[in-house]
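I opened this model to get my bearings. These are my notes, in the order I looked things up.

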Amino acid sequence: MPVPTSFHTALVAQLLRLSEQRLLDPLEILLQSADPLTAVRSYLRAAVETQAAQLLGRNELLATHAVTRLISAFSPGDEPFDPPLEWWQTPLGQVVARRVGHPATEAVPYSVAGAMLGVTRQGVHDLVNRNKLDRHPDGGVRTESVRVRLLTRKDGFAWGTT
């Protein structure tokens with residue numbers, strides 16, 4: 001079954017909220033008025049709907065490019081991409097985890113792998129010990145194995161089938 005409408009709706013809401021907070025709210029403060037941004041807000045809504053469709057659609061390359069654009073826009077600067085653990089359970093966090101794993105590293109600590117999977121750190125240890133996740137030689141868990149685990153879950157819907 002394809003990704004549920006409720007997930008798509010939650011993803012759009014998160015993307016819209018992030019876009020407004022990171023892009024439009026600072027402009028509104030600088031311009032001291034929301035009036036010039038009325039048309040931009042309407043355009044932004046349509047753009048966010050398109051981004052969500054790309055993120056959840058069948059075209060893996062298009063989805064990966066959308067992830068890259070969004071991470072770049074929402075996490076600008078010289079600091080490495082390192083969201084808080086709870087971010088991985090948001091709609092965007094779940095899409096990123098399933099589409100690219102962790103976009104900034106090939107291995108993640110057990111705590112991050114657990115956050116991405118929605119399990120405890122101990123649960124990740126168990127999955128590694130049972131060879132369900134791959135241990136990275138430098139420590140932690142291979143990001144790609146977390147991604148594969150997420151994609152093969154029986155969570156009621158398939159990714160990339162909308």
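I began with contacts in the protein chain between residues at least 6 apart in sequence. Of these, 63% join residues at least 24 apart. I keep in mind that this is a predicted model.

Next I listed the elements. I found 7 helices and 2 strands in the protein chain. Reading from the N terminus, I noted the order α-α-α-α-β-α-α-β-α.

Then I looked up the extent. The C-alpha atoms fill a box of roughly 60 × 35 × 25 Å along the principal axes.

I turned to burial and surface. The protein chain has 162 residues, and 40% of them are buried.

The protein chain carries 17 positive and 16 negative charges. Their mean positions lie 10 Å apart.

At what angle do helix α5 and helix α6 pack? Helix α5 spans residues 110-117, and helix α6 spans residues 121-129. I read an angle of about 95 degrees, with the axes 8 Å apart. Angles of 65 to 115 degrees count as roughly perpendicular, so α5 and α6 are roughly perpendicular to each other. I then noted who makes the contact. From α5 come Tyr110, Ser111, Ala113, Gly114 and Leu117. From α6 come Arg121, Val124, His125, Leu127 and Val128.

Definitions and conventions:
Residues numbered from 1 in each chain as written. Predicted model: local features only at pLDDT ≥ 70, side-chain atom pairs only at ≥ 80, totals over all residues. Heavy atoms only, no water. Helix = DSSP H or I, 4+ residues; strand = E, 2+ residues; numbered from the N terminus. Buried < 20%, exposed > 50% of the residue type's maximum accessible area, 1.4 Å probe, protein only. Contact = heavy atoms within 4.5 Å. Lys, Arg positive; Asp, Glu negative; His and termini not counted. Charge placed at Lys NZ, Arg CZ, Asp CG, Glu CD. Axes fitted to C-alpha atoms, helices over the stretch in contact; angles between N-to-C directions. Parallel < 35°, antiparallel > 145°, perpendicular 65-115°, else oblique.
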